[in-house]
Amino acid sequence: MGGFSTWQMGISPILQSKAAETWPEIPCTITKSFVESHSDSDGTTYSVEIRFSYEWEGREYFGEDYTFSDTSSSGRASKKEIVDRYPEGSTATCFVNPDAPYQAVITRDMGFVPYAVTAFTSIFVFVGIGLIFFGLKRKAAPGPIAVTTDQEEVLDGERELTPASG
């Protein structure tokens, strides 16, 4: 799970952001812009939701990724500030993947969240790898078995262990 979380919420968005540095900038039109709230037993978090349309090589496309980091967090005010910069009907600059024009984002900047997630979840990856490594190492070379003298009988030079209870 640590590896999945590290990839999904950290490494993948970072790699996508780096790849998008070469994507061309094009104008796009904001069709929807709002702050979405997500509530569960842990509380409420918020995310930036911006839908936009753009044209690439004569075809119209629709996008819904403000950035590659698709996370929600507390702090509605910071999300509202972003949404206010992109009101419905306004135009903005988008970045389009020329090899897959259905993939576009409004900003390539992700902030610190994917880096923080990668650092935090990597701890679980290394702990899991360590447990597997040392577990296999221990299984390959088990330690000595301790036998107390009150539980053994010697028969013809061999030891037979008897259970302490039935």
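Buried, as used here, means under 20% relative accessible area, with exposed over 50% and partly exposed in between (1.4 Å probe, protein chains only). The model is predicted, so local features need pLDDT of at least 70 and side-chain atom pairs count only at pLDDT 80 or more, while totals for chains, interfaces and linings use all residues. Residues are numbered from 1 along each chain as its sequence is written, and side-chain values use heavy atoms, with hydrogens and water left out.

On to the packing. A nonpolar core is taken as a set of buried Ala, Val, Leu, Ile, Met, Phe, Trp, Tyr and Cys residues joined through side-chain atoms within 4.5 Å. The largest one holds 20 residues, and those touching the most other members are I30, I50, F52, Y54, Y66, Y86 and I106. Two or more residues each come from β1 (25–40), β2 (43–56), α2 (76–85) and β4 (91–96), with β2 giving the most, at six. Helices (H or I, at least four residues) and strands (E, at least two) are DSSP runs, numbered from the N terminus. Y86 has contacts (heavy atoms within 4.5 Å) with I30, S33, I50, Y66, A92 and I106, once neighbours within four places in sequence are set aside. There is also a second, separate core of five residues, W23, F68, F95 and V105 among them.

Next, the rings. Rings of Phe, Tyr and Trp (its six-membered ring) pair if their centres lie within 6.5 Å; planes under 30 degrees apart count as stacked, over 60 as edge-to-face and the rest as tilted. Searching the whole structure turns up three such aromatic pairs. Y54 and Y61 are stacked, because their ring centres sit 5.6 Å apart with planes at 15 degrees. Y54 is buried at 3% relative accessibility, and so is Y61 at 14%. Together with F52, Y54 and Y61 make up one aromatic cluster. Y66 and Y86 go edge-to-face, since their centres are 6.0 Å apart and their planes at 65 degrees. Y66 is in the loop between β3 (59–63) and α2, and Y86 in the loop between α2 and β4, so this pair ties together parts 20 residues apart in sequence. Y66 counts as buried at 14% relative accessibility, as does Y86 at 16%.

Finally, the cysteines. With a disulfide defined as a pair of cysteine sulfur atoms within 2.5 Å, the count comes to one. It joins C28 to C94, S to S 1.8 Å. The S-S torsion is about 65 degrees, so the disulfide is right-handed. Because C28 lies in strand β1 and C94 in strand β4, the pair ties together parts 66 residues apart in sequence. C28 is buried at 2% relative accessibility, and C94 is buried at 0%.
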